[in-house]
Amino acid sequence: MFEKFSEILTNRHEYARDWKKRTGGKVVGFFCSYAPEEPLKAAGILPVRIIGGHKSSDKVGKYIAPNIGCSFCRDALGRGLEGDYDYLDGIVQGQTCLHTGEAFWVWQKHLPVKFSYFLAVPHSTQTIGREEYLAVEYAKFKTALEKWIGKEITNEDLDRGIESYNTNRQLIRQIFEFRQQDNPLVTGSEALDLALSGQIMDRDEHNAMMKEVLKKLPDRKMDRDPGTRIMIIGSVNTDREFMHMVEHECDLPATIVIDDTCTGIRYNFNDVNPQEDRLMAISLRYNHRPPCPNKDWPRRRRIPFIKHLIKTYKVDAVILFNHKFCQPHQLDNAVIEREMKAMGIPTLTLEFDIRIPIGQFRTRVEAMLETTMDII
Amino acid sequence: MSKYKTEPMKLWKRIKEFKQNHFKEYHEAHKNGRLRFLGATALSISQYTGFENAVIMGSEPFAANIAFWKDFGLKCMEECERRGMTRELCGYSKCVWGAQFLNKNIMPDGTMLSEWGKPDFASSFSLAPCHCKWFQILCENSDTPMYLFDLTKAYPYNDENLIKYMTGQMLDCIEQAEKAVGQPFIDELFIKGVKNEFKSYRTWCDIMILNQTIPAPLDEKTIFSFIVPNLTKAYGDDTVALMQELKEEVQDRVNRGIAAVANEQFRIITDAIPPWPALELYRYLEREYGGVVVGSPYVICLCGSWKFENDKGDLIPTPTPVELGMPLTTREEVARALVWYRSHFSTETPYNIACGEVLHELTLKIAKQWHADGGMLHQNIGCTMQALGSMESRNAVAEAGIPCMNYEGNDADSREIDLTNMKRKFDIFFEANNVKRLTKKAA
Amino acid sequence: MEEKKEYFRWVESTYVNPDIDWKKAEVVSAGIDVGSVSSQMVVMCDGQIYAYSNTRSGSSSPNSAKNAMELCLKDANGLTLDNIHYLIGTGYGRVNIPFAQKAITEISCHGIGANFMYGPTVKTLLDMGGQDCKALRLNEKGKCLNFLMNDKCAAGTGRGMEVIAEILKVPVTEIGDRSFDIDEEPPPVSSTCVVFAKSEATGLLKDGWSKNKVLAAYCAAMAGRVVDLLNRIEVEKDFAITGGIAKNKGVAKRIEKLIGVEALVPKMDTQIAGALGAAIYANALYKKAKK
Ligand code: SF4
Ligand code: SF4
């Protein structure tokens with residue numbers, strides 16, 4: 001049912017190249033899910049998330065040391081340096097963590113792009129004045145875009161962008177809801193491919209595909225034991241091999257029912273509420289969305305969000321998914337672990353590198369599954 | 001015969017005492033009926049000068065002092081790791097969290113304290129997001145009221161949106177702090193403090209410029225001893241005077257050709273916070289190779305404010321708001337001027353990742369203007385923010401024809417410092433650049 | 001010509017309990033633990049240990065399992081695979097044991113095995129295996145409630161020890177004792193990484209350190225890494241150690257000193273804990289299925 005999403009995700013570079021050919025439009029890469037996608041869409045541009053290929057590249061070491069840079073960013077940058085992303089016309093960073101920031105600058109300096117923009121998204125999404133601040137930054141961004149594409153971005157354009165993304169998020173949430181069932185009608189692997197393919201596809205095309213799925217989904221028969229219901233919390237997850245291992249290769253049954261990552265529900269949780277000042281409307285969405293740890297201060301909004309998901313999706317166990325050298329998530333993990341312990345939820349922390357030792361991970365996941373049940 | 005005359009800095013002892021006294025003032029504040037403020041230096045401490053009884057401590061020197069006393073520093077880190085904070089997390093943060101967990105601290109002279117020094121109000125700013133997470137965790141655990149500033153992007157400076165945003169936060173912070181500590185904020189004090197700070201900072205820039213002289217009147221290890229007054233008490237009359245005296249002494253050294261290192265033969269720039277637990281490596285460079293570290297983006301910007309002359313020209317001191325005749329009579333005006341001045345290359349703002357487009361240029365400018373023969377950039381694994389930019393800085397300096405290397409270290413975690421390896425790397429670097437070794441190599 | 005000596009070698013062993021007649025047993029269960037460095041098999045008769053073997057792992061998991069099995073059954077009075085009612089595989093090669101009915105992770109198995117070995121008071125268990133090291137919290141039944149694992153580097157693992165043994169040319173079984181034969185405890189070496197071990201060890205020897213002193217510094221460093229794990233999981237008494245390194249006093253004693261808790265004294269070969277746990281599970285699962 002979700003094969004087409006998986007296929008496009010696998011062949012994402014072909015998809016983008018083909019999209020360019022079909023539409024004659026420009027493609028812009030972005031590193032982090034705080035990138036201003038609605039304005040890009042409004043400008044007729046295809047924003048695609050730059051992700052790694054789970055392949056190492058010896059070209060990265062000159063710019064980012066292996067013992068400090070987050071493995072996700074090093075992988076993504078490596079793909080750029082290896083030429084996988086040579087179709088990009090531009091790159092945009094919506095500021096979050098240090099690592100995506102540095103990857104952006106290295107890319108901008110050493111790879112040929114016609115347009116690059118570092119958008120200063122507030123670090124805290126709770127500070128006084130951050131909504132107005134971001135709206136102004138969007139206005140500057142819009143001006144820069146207009147200059148580049150040589151035409152004005154009108155309110156109608158912005159409305160189209162907003163509409164397309166709102167619909168996209170709503171549809172994703174609708175599909176995700178089927179994971180709340182006792183026997184979830186969508187596996188975690190499928191959900192990841194669904195959400196991630198959205199981040200690299202034209203949202204209108206993605207929407208059309210999801211609408212098809214939704215017609216059939218309620219009648220889907222699942223031929224598997226859902227087993228332990230797992231939630232994934234942490235760094236950006238693009239690790240399809242790992243998802244598959246947890247759900248299909250372990251000795252004990254398990255299903256990943258939800259996540260708090262920027263390639264899942266965190267990114268798709270809230271919409272842009274239309275208002276006259278479009279850029280302010282978009283600013284509100286990005287400021288109010290469930291935060292990534294970088295942006296979760298002074299108060300902690302992530303913990304209540306995670307607890308809400310645990311309840312709604314009936315989570316039995318948690319995997320803290322941490323990219324190697326992702327300090328932002330490490331900083332939150334100690335607190336999350338404590339909270340999970342208090343709730344009696346088994347928690348397993350795994351550290352992901354560009355390539356992961358799938359066998360060792362399997363042992364740990366199985367061991368955690370064993371702690372959730374009585375073997376004898 | 002040595003190449004240059006050298007003599008010790010006369011002010012050295014007084015500045016050491018200044019630091020000791022300031023720490024003492026902070027730790028004894030409550031005993032003396034005063035308030036303790038702990039804040040990240042740069043953008044989030046000067047506002048507290050508006051409180052009459054304030055003793056303000058900069059959290060970075062606070063942390064660096066713990067790191068410097070490596071046995072205590074190590075205990076702090078281990079205590080954090082026991083609580084699930086990983087080995088890879090920020091060294092400074094773990095020093096201060098650890099002190100708080102252990103409820104102990106240490107004075108600059110090594111005296112142990114039986115209390116960590118909980119502030120009455122704390123603040124930080126997002127030089128990097130972790131710089132705020134540092135305080136989030138600290139304040140949650142110690143139940144301290146806090147204000148965390150959002151600094152989004154420090155370059156290009158002079159950005160009206162940023163200045164407005166941060167000024168709004170500054171004013172908000174003042175109100176919150178007033179409520180939290182239950183004391184009135186006095187605008188006159190604030191205005192006076194900030195004006196003083198402009199002076200102290202401006203003087204620092206002059207001192208750093210004097211170090212462009214050959215031979216260098218100061219070496220970086222000595223400069224480290226001089227940073228504390230400005231970092232943590234730039235608003236004080238005593239600091240203004242002290243910086244002036246320091247400038248005069250350095251000027252005098254320049255006039256008389258007094259060198260920091262008698263055998264100066266290779267001028268070096270570094271990067272980032274040094275490995276505090278292993279400062280002896282500076283002596284190694286001097287002794288073995290006549291290598292003198294003349295500066296770094298860290299130490300040059302740390303206690304001053306800088307900008308590029310006409311866009312991408314040379315690095316020059318930012319004219320102060322007083323020099324520019326900005327209005328400085330109301331709280332708003334002063335807050336705004338302070339934000340404006342400090343959101344140039346000031347303290348560690350160049351390392352703000354949003355400055356990634358210029359950090360390497362800044363480093364290169366420093367290498368050139370300070371007449372460096374080479375760069376030995378500390379890739380400070382203890383601070384992700386600094387470590388990330390360091391390779392591009394190296395690339396830029398090296399590509400400009402100035403030999404440059406990275407050496408890996410840690411500002412706080414002595415376990416991650418491999419002095420033997422560092423020295424070996426230095427030896428290779430010097431050898432490759434035909435720098436004569438001054439001592440006979442140990443057999 | 002100098003004879004090529006393999007310093008990492010330790011002696012393979014077997015055991016058969018002379019007081020038990022397997023033919024009289026109602027349930028014969030077994031566990032096989034295929035680890036990266038060593039493999040074990042344990043056979044139980046009605047929940048009592050009847051026989052075991054402890055061998056070096058071979059080139060492949062099925063082969064290692066087969067070796068352990070053959071060695072274990074060699075002197076077991078005619079016991080064959082066919083007589084075993086239920087066999088569970090564990091360890092990293094657990095899924096590749098052709099004659100196992102089921103696989104359970106070594107984490108759960110070590111918990112149950114330690115519970116059998118040391119009794120129900122064990123709350124914290126440290127298992128130092130061939131290529132990883134894990135800290136477990138157990139309940140009174142030996143069920144694992146929580147665990148942490150270090151497999152990032154060979155520090156504190158059997159493999160790490162073997163590398164050191166080869167570098168210093170000291171038989172691996174002697175490392176523990178020799179590491180205490182020193183005048184004064186040296187500081188731990190800065191890097192426990194086996195990749196750097198060689199150059200560092202050579203450097204220390206050149207600086208005039210005795211081999212024993214270098215060993216002491218290594219054991220201390222390894223203990224230090226392992227203690228990080230224990231601190232994170234929070235040690236609650238009683239505390240016990242399983243796995244090959246439990247036999248290396250040089251590391252074990254230093255761990256005890258660092259955490260300020262003494263480990264229970266093992267009553268049997270600590271390397272069989274995983275296979276033992278698997279055999280216990282096998283016994284229970286067989287009885288459960290029969291009911
Ligand atoms: S995984 Fe962590 S460090 Fe890497 S990009 Fe995401 S938040 Fe940043
Ligand atoms: S890593 Fe650097 S920027 Fe982050 S909190 Fe530590 S000192 Fe600050």
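## Interfaces in a predicted model

Me: Which salt bridge do the side chains of A:Lys140 and B:Asp159 form, and at what N to O distance?
Reply: This is a predicted model, in which local features need pLDDT of at least 70, side-chain atom pairs count only at pLDDT 80 or more, and totals for chains, interfaces and linings use all residues. Residues are numbered from 1 along each chain as its sequence is written, chains are lettered from A and ligands numbered from 1 in the order in which they are written, and side-chain values use heavy atoms, without hydrogens and water. A salt bridge is a side-chain nitrogen of Lys or Arg within 4 Å of a carboxyl oxygen of Asp or Glu. A:Lys140 and B:Asp159 meet in one, N to O, at 2.7 Å.

Me: How many salt bridges cross the interface of chain A and chain B?
Reply: Contact there (heavy atoms within 4.5 Å) involves 46 residues of chain A and 47 residues of chain B. For salt bridges across this interface, the rule finds 4.

Me: Which helix of chain A gives the largest share of the side that touches chain B?
Reply: Helices (H or I, at least four residues) and strands (E, at least two) are DSSP runs, numbered from the N terminus. Helix 5 (98–110), helix 6 (130–149) and helix 14 (327–343) of chain A each supply at least two residues to that side. The largest share is 8 residues, and it comes from helix 5.

Me: What area is buried between chain A and chain B?
Reply: Buried area is the accessible area (1.4 Å probe) that two parts lose on being put together, summed over both. Carbon and sulfur atoms give 61% of it here. A:Leu98, A:Trp297 and A:Leu331 supply 18% of what chain A buries against chain B, more than any other three residues. The total is about 4000 Å².

Me: How far apart are the centres of domain 1 and domain 2 of chain C?
Reply: The bounds come from an automatic or database domain assignment. Domain 1 of chain C covers 13–112 + 272–290, and domain 2 covers 123–263. Taken over C-alpha atoms, their centres are separated by 27 Å.

Me: Which residues of domain 1 of chain C lose the most area to domain 2?
Reply: The two domains of chain C bury about 1000 Å² between them, 62% of it on carbon and sulfur atoms. Three residues together make up 48% of what the domain 1 side buries. They are C:Val37, C:Ile107 and C:His110.

Me: How many salt bridges does the rule find between domain 1 and domain 2 of chain C?
Reply: The contact takes 10 residues from domain 1 and 17 residues from domain 2 of chain C. The number of salt bridges found across this interface is 0.
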